[in-house]
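Please view the sequence and the structure below before reading on.

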Amino acid sequence: METNKKSDTNVVKGYIRYLKLERNFSPNTLEAYRHDLQLLAAYCQREQRAVESLSLADLQHFASTLHEQGIGPTSQARVLSGVRSFYRYLRLEGYIADDPTELLEWPRLGLHLPEVLTTAEVDQLERSVDLSKWEGQRNVAIIEVLFSCGLRVSELTNLKLSDLYLDEGFIRVLGKGSKERLVPISPQAVRELKKWFLDRNLMNIKPGEQDYVFLNRRGAHLTRTMILIMIKRQAVAAGIHKTISPHTLRHTFATALLEGGADLRAIQAMLGHEDIGTTEIYTHIDTSLLRQEILNHHPRNILWREKHEKKE
């Protein structure tokens, strides 16, 4: 069956509108879904098929073309996840009777454990900040809030003064899908914020930016890129050789909680994960750390290590 390009375009527009209005997806997320569907639309055009007419076999062929285009397994999985979401929408809206993606297999992905820092390395990161610079205390506060609250960088850049309940010891966070959650904030993070506010109160803040917690020297709120650059530069200054980003501090927050005995559901709530399966990655991190502890402290391993050290 030949594709009706105009009809497919209208269906995709309807889907993107559904994601924006009913699912409250961010512009970045909408753009990612739009990109996924552009790949599917290109496939349909080559095969002269309409999206509604594709079968499981067609979509398996589509998945194989992603590999041929040099798209890696992780990116393939993301694209296919977007395509599956699209076909669920088609079924929901009555465009198709059955969802052909229900049995669509994902590419095999190796387990990727995110990089984490020790608490000592976080302290090292903060101590390396030059407090003689106007942005120094701001940067310390950013690092401490990321580590103490486990925020996504976008959540940090959008954090408002009206979201802070410092006397009560928590902050209100607007997460993915415009979902709000309350996150406890540590006394140390509160102290660093209050020190930053002493500098912030002296700034000439742009109209409309007055409620943002973290500002640049021009009095406007920070972008994600600005914070990424700052964290990477600070890691170099601190002599930390791990590849880190603002998200590393979020991973560090979650791992520290798990090591401290926090319940996985509590960690899920504080991170704002919709699916606990996303949070479960930290159980793998904890297992790897546990293995290292056993290697370091089990008497059999200590004897083996002492024996080999003597030989050396």
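The largest nonpolar core holds 42 residues, and Ile171, Leu193 and Phe214 have the most contacts inside it. Such a core is a set of buried Ala, Val, Leu, Ile, Met, Phe, Trp, Tyr and Cys residues joined through side-chain atoms within 4.5 Å, where buried means under 20% relative accessible area with a 1.4 Å probe and protein chains only. The model is predicted: local features need pLDDT of at least 70, side-chain atom pairs count only at pLDDT 80 or more, and totals for chains, interfaces and linings use all residues. Residues are numbered from 1 along each chain as its sequence is written, and side-chain values use heavy atoms, with hydrogens and water left out.

H6 gives this core its largest share, eight residues. A second, separate core of 30 residues includes Leu30, Leu54, Ile71 and Leu80.

Leaving aside neighbours within four places in sequence, Ile171 is in contact (heavy atoms within 4.5 Å) with residues including Cys149, Leu159, Arg181 and Val183.

The strands E1, E2 and E3 form an open sheet in that order, with antiparallel pairing. Strands and helices are DSSP runs numbered from the N terminus (strands E, at least two residues; helices H or I, at least four), and two strands pair if DSSP finds at least two bridges between them.

| Strand | Residues |
|---|---|
| E1 | 164-165 |
| E2 | 170-174 |
| E3 | 180-184 |

E1 and E3 stand at the edges with a single partner strand each, so one side of each lacks a neighbour in the sheet. E2 and E3 pair over five bridges, and Val173 has Arg181 in E3 as its bridge partner.

Note on methods
Buried < 20%, exposed > 50% of the residue type's maximum accessible area, 1.4 Å probe, protein only.
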